[in-house]
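Here's a quick briefing to read alongside the structure. Have the sequence and the model open while you go through the points.

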Amino acid sequence: LQTTTGLIINTVITYGMKHTFNRKRPYVAHPQYTPYEHDSSPTFPSGHTSYAFATATSLSLQYKKWYVVTPAYLWASAVAYSRIHKGAHYPSDIVVGAMVGAGSAYLSYKGNEWLKAKWKKKKNKDLEIECNKENIVIGPESTGKSTLSEALAKELHTVWVPEYARH
């Protein structure tokens, strides 16, 4: 989900910028250069590079091992280099494409972390907990209340007790 969301954010930003800036490709602006292929879309930022860096960053955030991170960024860098070598982009297109891609993946990662934390908080709020000197009373709001021993007997697997009540 995180990778897909990052790629969607990347697509919106990249194509929004392409059509906002509408920068001509190097071989159009400088006819003395002959590209390997002709592309009619605007050049700034590089879509190939932004997708490559969005994918590499997303993988790197999910799997924080050197044997995932290193090949992912080497691949993304090779894609970026190939876009300049083919004559399809200026170096600034590549740099901004890499920033947009990595930023989109990071934004998606942070948004996903925030949603997970919010969902976990909501899940914990579904349990109502009361503490007094005699006992601890817990229970889901929808099913009424029970004492701690009754709740355990019903196989309630997650019990959260506030710090002040643990003494």
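**The overall layout**

Starting at the N terminus, the elements of the protein come in the order α-α-α-α-α-β-β-β-α. That gives six helices and three strands, where helices (H or I, at least four residues) and strands (E, at least two) are DSSP runs, numbered from the N terminus. This is a predicted model, in which local features need pLDDT of at least 70 and side-chain atom pairs count only at pLDDT 80 or more, while totals for chains, interfaces and linings use all residues. Residues are numbered from 1 along each chain as its sequence is written, and side-chain values use heavy atoms, with hydrogens and water left out.

**The protein in numbers**

- Of its 167 residues, 32% count as buried; buried means under 20% relative accessible area, exposed means over 50%, and partly exposed is in between (1.4 Å probe, protein chains only).
- Take the contacts (heavy atoms within 4.5 Å) with a separation of 6 or more: 63% of them are between residues 24 or more positions apart.

**How α1 packs on α3**

- Two packed helices are described by the angle between their axes and the distance between the axes.
- For α1 (residues 2–21) and α3 (residues 47–62), the angle is about 155° and the axes are 10 Å apart. Axes here are lines fitted to C-alpha atoms, for helices over the stretch in contact, and angles run from 0 to 180 degrees between N-to-C directions.
- So α1 is roughly antiparallel to α3; angles over 145 degrees count as roughly antiparallel, under 35 as roughly parallel, 65 to 115 as roughly perpendicular and the rest as oblique.
- On the α1 side, the contact uses Gln2, Thr3, Leu7, Asn10, Thr11, Thr14, Tyr15 and Lys18. On the α3 side, the residues include Gly47, Ser50, Tyr51 and Ala54.
- Sorted by class, the residues of this contact are five nonpolar, ten polar and one charged. Ala, Val, Leu, Ile, Met, Phe, Trp, Tyr, Cys and Pro count as nonpolar, Asp, Glu, Lys and Arg as charged, and the others, Gly among them, as polar.

**How α3 packs on α4**

- α3 and α4 pack at about 175°, with axes 9 Å apart, and they are therefore roughly antiparallel to each other.
- Among the residues that meet here are His48, Ala52 and Phe53 in α3 and Val68, Trp75 and Arg83 in α4.
- The contact of α3 with α4 has twelve nonpolar, six polar and one charged residues.

**The largest nonpolar core**

- Nine residues make up this core: Ala52, Phe53, Ala56, Ala72, Ala76, Val79, Ala80, Ile94 and Ala98. A nonpolar core is a set of buried Ala, Val, Leu, Ile, Met, Phe, Trp, Tyr and Cys residues joined through side-chain atoms within 4.5 Å.
- Two or more residues each come from α3, α4 (66–85) and α5 (91–125), and α4 gives the largest share, four residues.
- Neighbours within four places in sequence aside, Ala52 touches Trp75, Ala76 and Val79, all counted as contacts.

- Is Thr14 buried or exposed? Thr14 is buried, at 0% relative accessibility.
- Setting aside neighbours within four places in sequence, Thr14 is in contact with Pro45, Gly47, Ser50 and Val100.
- Ile9, also in helix α1, is partly exposed at 21% relative accessible area.
- Ile9 and Val100 are 91 residues apart in sequence but 9.3 Å apart in space, C-alpha to C-alpha.
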